[in-house]
Amino acid sequence: MRRRRRFFALAEGALILVFLVLAAIIANRLLAARRIREEERAAAEAHRSLAVSVTAVPEKSDDAEPPEIQPEIRELMRQNEDAVGLLHFDGDRTLYVCQTTDNSYYMTHRFDRSEDPAGMIYMDYRNALWPRSANLILYGHNMRDGSRFGTLKRFEKTEHIEEYPIFQLAERYETVDYMPFAVFHTSVDAADESFYPYDQIDFADENGFNRYVRDVKERSILDLPVEVAYGDRLLTLVTCHSGIDRGRLVIVCREVKPEDGLS
């Protein structure tokens with residue numbers, strides 16, 4: 001009888017311990033989700049304070065001085081010197097964008113630099129904003145709760161792009177609208193047959209640019225009637241894709257032009 005009582009006491013203790021561990025895990029996840037929501041609300045507020053119209057800056061040259069940093073982005077840089085801008089898309093989503101000296105730090109850190117497996121949106125460390133790289137590349141996790149780049153999968157459907165055709169990037173020096181012209185899946189494993197080096201930030205010449213545009217359009221799962229010409233500035237969004245081993249969903253956009261009738 002004493003042995004049985006001891007067994008039940010140990011079992012009860014074990015169950016209580018398991019319950020406490022699970023409760024702590026759930027509480028941590030809820031807290032992390034709340035922090036992400038608060039961060040995205042703050043990003044949306046910063047975006048609302050931007051100028052209504054898209055800004056344009058003078059022609060850039062290698063020896064020219066950059067223009068003044070946009071006030072809203074300068075404020076973000078006071079909070080985190082790695083801040084490079086705000087990405088607005090999908091109707092009401094606004095996300096902070098940071099950039100540092102590698103492509104790993106912000107995979108596991110939030111805007112306030114606290115650790116979080118959800119990370120945040122970050123720009124390829126090789127990208128430059130002045131003079132601007134030909135193709136700005138943004139990365140983010142494909143979160144199940146829809147945070148970060150968890151809603152990019154919606155853009156695998158033409159109807160969604162038709163409803164929300166604009167990705168707006170307000171970066172340090174200007175605010176530019178972009179529209180998708182290719183949506184495709186690839187693997188980051190060079191041995192995989194689906195592999196394609198989408199992360200090209202600059203192009204040696206017109207032939208290189210045109211080859212890249214042709215390649216991503218050929219891989220696109222959607223037929224998007226968007227013409228792209230040499231000299232157009234590109235924006236590429238990248239997140240994980242579960243359909244391929246080490247897969248990625250890649251959305252390649254070009255800047256919106258007056259003739260598109262979208263701005």
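Me: Which residues lie nearest the centre of the second largest pocket, and how many residues line it?

Reply: Tyr122, Tyr139, Val188, Tyr198 and Arg248 lie nearest the centre, among 18 lining residues. This is a predicted model, in which local features need pLDDT of at least 70 and side-chain atom pairs count only at pLDDT 80 or more, while totals for chains, interfaces and linings use all residues. Residues are numbered from 1 along each chain as its sequence is written, and side-chain values use heavy atoms, with hydrogens and water left out.

Me: What makes a residue part of the lining of a pocket?

Reply: On a 1 Å grid over the protein atoms alone, a pocket is an open set of points where a 1.4 Å probe fits, with protein on both sides within 12 Å along at least five of seven lines, and a lining residue has an atom within 4 Å of a point. Strand β7 (residues 234–241) gives the most to the lining of the second largest pocket, namely 3 residues.

Me: Why is strand β2 (residues 93–98) called mostly covered?

Reply: Buried means under 20% relative accessible area with a 1.4 Å probe, protein chains only, and 6 of the 6 residues of β2 are buried. Arg93, Leu95 and Val97 are buried on one side, and Thr94, Tyr96 and Cys98 on the other, so both faces are covered.

How values were computed
Helix = DSSP H or I, 4+ residues; strand = E, 2+ residues; numbered from the N terminus. Buried < 20%, exposed > 50% of the residue type's maximum accessible area, 1.4 Å probe, protein only.
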